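Work through the exercises below with the coordinates open. Each task is followed by a solution in steps.

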Amino acid sequence: MTPAATARAHTNIALVKYWGKADTTQMLPQTSSLSLTLDQFYTDTTVQFDSALTADEVTLNDDRLSPQASGKVQRFLDLVRPDGQFARVQSTNHVPTAAGLASSASAFAALAGAASRAAGLDLTRTELSRLARHGSGSATRSIFGGFAEWTAGTDDQSSVAHPIDETVDWPIAVVALVLNAHQKKVSSRQGMQSSVDTSPFYPAWKDVVAHDLAAIRPAIATHDFQQMGEILESNAMRMHALTLSANPPFTYFNGDSLVAMQAVQDLRDAGTACYYTLDAGPNVKLFCQTKDLPKITQTMADLFGSEHVIVAHPGPGIQFLSSP
Ligand code: DP6
């Protein structure tokens, strides 16, 4: 039995989205992407390899997963298993699972950290980012705190994230509106593949991302909130245009998503700078400045109930809570 290792990773929200793979085996994306790691949503994962086990035992939030449900985790562990040993994996998700709050990002980043340490590997953060990518693309970025950029790269070696600004000395916040915490119908994996294969606008998306990345980097560097907000909002809407233009078309929005987007527009019209983004689910995430939090959280609580409004701030990169 190897000593157990425990890692904590936080989720991240993309400002310039990853939406499509160039290589599904190596998990190489079509484009680079850029995100902010958040403090409120994280996963703690403990891994221990044991030669006495005859299969991996995976527990998520105290529920033992069936071999089918843990398939992705088993394939991920194959990348690091010492002497082919199976593992005991215990994971606690402090994120509404599969609700578009990117739980796979924190899950596979934490798993990369815990599994590699339990296997006796002492990987650099770049190596952890590369390993995490094989579990889930967005996990590539969750190894780092604050703003991080995942460079698409051209092969396994070059497709990794790097930090842009880990400390984020800038009073910004993200307000997450949990409008539906249930499992999503079209997974991000299926949704992005369908967009790549069938949206006639997909080629234009690659140009959009290149343009948005070039513009958002200086906006972050100079703390130009309005410029950053305008880019992240239009990037999200253009990503969602790829789902609406796929064949068959689909959308992650629900009625409340549209209500929230309109409310943000109204806040802006009344002089409060605030911008929205959505991932592969109906939940809306608002980027704002901390000085405007009281007004924004009150507005959203009036619409959706205060229990559906969660305030997050920039969060840290991967942490090892216990390690051999
Ligand atoms: C909309 O990382 O969940 O959140 O690589 O197939 O596991 P897989 O997909 P995943 O996709 C995230 C998509 C997104 C945008 C983003 O986080 O960049």
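**Exercise 1: the surroundings of S195**

Leaving aside neighbours within four places in sequence, S195 is in contact with W19, G20, Y202, L242, T243 and A246. The model is a predicted one.

Task: Decide whether S195 is buried or exposed.

Solution. Step 1: locate the residue; S195 belongs to helix α4. Step 2: count the other C-beta atoms within 10 Å of its own, which gives 24. Step 3: apply the cut-off, under which a residue with 20 or more such atoms is buried. S195 is therefore buried.

**Exercise 2: the buried face of α4**

Task: Find which residues of helix α4 are buried and explain why they line one face.

Solution. Step 1: list the buried residues of α4 (residues 188-198), namely S188, G191, M192 and S195. Step 2: view the helix down its axis; the buried residues of α4 fall within an arc of 95°, so they line one face. Step 4: identify what covers the buried residues of α4; among the elements are β2 (21-23), α5 (202-221) and α6 (225-244).

**Exercise 3: strand β5 and its partners**

Task: Describe the two faces of β5 and the direction of each pairing with β7 and β6.

Solution. Step 1: separate the faces of β5 (residues 57-60); V58 and L60 are on the covered face, E57 and T59 on the uncovered one. Step 2: take β7 (residues 86-94), which runs parallel to β5 and is joined to it by 4 bridges. In this pairing, E57 has R88 as its bridge partner. Step 3: take β6 (residues 63-64), which is antiparallel to β5, with 2 bridges. Here T59 is opposite R64. Step 4: inspect the turn; β5 and β6 make a hairpin with 2 residues between them, and N61 in the turn has a positive phi of about 50°.

Key
Residues numbered from 1 in each chain as written. Predicted model: local features only at pLDDT ≥ 70, side-chain atom pairs only at ≥ 80, totals over all residues. Buried ≥ 20, exposed ≤ 12 C-beta atoms within 10 Å, placed from the backbone. Arc of directions from axis to C-beta. Contact = placed C-beta atoms within 7 Å. Pairing = 2+ DSSP bridges.
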